[in-house]
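Please consult the sequence and the coordinates shown here before reading on.

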Amino acid sequence: AVSTLQSPLHLDNMLSNRFVGKLCLSAIFLMTAFSKYQHFEGQVAFTKSQFDRVQLDVSTYGLDPDTVFPYLVMLAAFLEGGGALALLTGGENCGSIMLMLFLLPTTLIMHWPLSPAGDLEVTQLIATVKNLAILGGIIILRSSMAPRKDKVE
């Protein structure tokens, strides 16, 4: 007898599975973008402290830290929130690029796992690995996107 039960991953369910996956992927970015706006001053101070922790001084590039860090936090919130919303509303290409643009510098600067003394900071290492896992999920999502129909060959 042939079973009529379908796997939850069956082709008929792929659109709903894809949306649930994008919702799970987007949730963290929506939450942290909202948190950046809600606790803006604290996030600016935290961002500055992380730059100090990795000994990255923006003033050596002729930039005023009091001006740069608020803009960096706004840019991060825009990339996170906008990227997540784009993923959820059908703009997978744009959204995934925005999230990758956020994740790469954030992982390298905000979650660098080595202290200036060369000691391994386990909490930062965990955050780095989590970001790499999320980045991997975004790469998988991008690889499963349908090819563009307007592409000229």
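## Packing of α3 and α4

Helix α3 and helix α4 (residues 92-110) pack at an angle of about 150 degrees, and their axes lie 7 Å apart. Axes are lines fitted to C-alpha atoms, for helices over the stretch in contact, and angles between N-to-C directions run from 0 to 180 degrees. That angle makes α3 roughly antiparallel to α4; angles under 35 degrees count as roughly parallel, over 145 as roughly antiparallel, 65 to 115 as roughly perpendicular and the rest as oblique. Helices (H or I, at least four residues) are DSSP runs numbered from the N terminus.

The crossing of α3 with α4 is left-handed, a term used if the near helix is turned anticlockwise from the far one by less than a right angle, with clockwise being right-handed. On the α3 side, the residues that meet α4 include Ala76, Phe78, Leu79 and Leu87; among their counterparts in α4 are Gly95, Ser96, Leu99 and Phe102. Contact means heavy atoms within 4.5 Å. By class, this contact of α3 with α4 has 10 nonpolar, 4 polar and 2 charged residues, where Ala, Val, Leu, Ile, Met, Phe, Trp, Tyr, Cys and Pro count as nonpolar, Asp, Glu, Lys and Arg as charged, and the others, Gly among them, as polar.

## Basis of the values

The model is predicted: local features need pLDDT of at least 70 and side-chain atom pairs count only at pLDDT 80 or more, while totals for chains, interfaces and linings use all residues. Residues are numbered from 1 along each chain as its sequence is written, and side-chain values use heavy atoms, with hydrogens and water left out.

## Packing of α4 and α5

Between α4 and α5 the packing angle is about 160 degrees, with axes 10 Å apart. The two helices are therefore roughly antiparallel to each other. α4 passes α5 in a left-handed crossing. Contributors from α4 include Ser96, Ile97, Met100 and Leu103, and those from α5 include Asn131, Ile134, Ile138 and Arg142. The residues of the contact of α4 with α5 divide into 11 nonpolar, 7 polar and 2 charged.

Serine 96 is found in helix α4 and is buried, at a relative accessible area of 0%; buried means under 20%, exposed over 50% and partly exposed in between (1.4 Å probe, protein chains only). Not counting residues up to four places away in sequence, serine 96 touches Leu87, Ile138 and Arg142. Glycine 136, in helix α5, counts as partly exposed at 27% relative accessibility. The C-alpha atoms of glycine 136 and methionine 100 are separated by 9.9 Å, although these residues are 36 apart along the chain.

## Nonpolar cores

A nonpolar core is a set of buried Ala, Val, Leu, Ile, Met, Phe, Trp, Tyr and Cys residues joined through side-chain atoms within 4.5 Å. The largest one has 14 residues, of which Leu25, Phe29, Leu87, Leu99, Phe102, Leu103 and Ile138 touch the most other members. At least two residues of this core come from each of α1 (14-38), α3, α4 and α5 (122-143). The largest share, 5 residues, is supplied by α4.

Leaving aside neighbours within four places in sequence, phenylalanine 102 is in contact with Phe29, Ala76, Leu79 and Glu80. A second, separate core of 7 residues includes Val58, Phe69, Val73 and Met110.

## Backbone at glutamine 55

Glutamine 55 lies in the loop between α2 (40-53) and α3 (65-88). Its phi is near 55 degrees, a positive value in a residue other than glycine. Most residues other than glycine have a negative phi. Glutamine 55 is exposed, with a relative accessible area of 62%.
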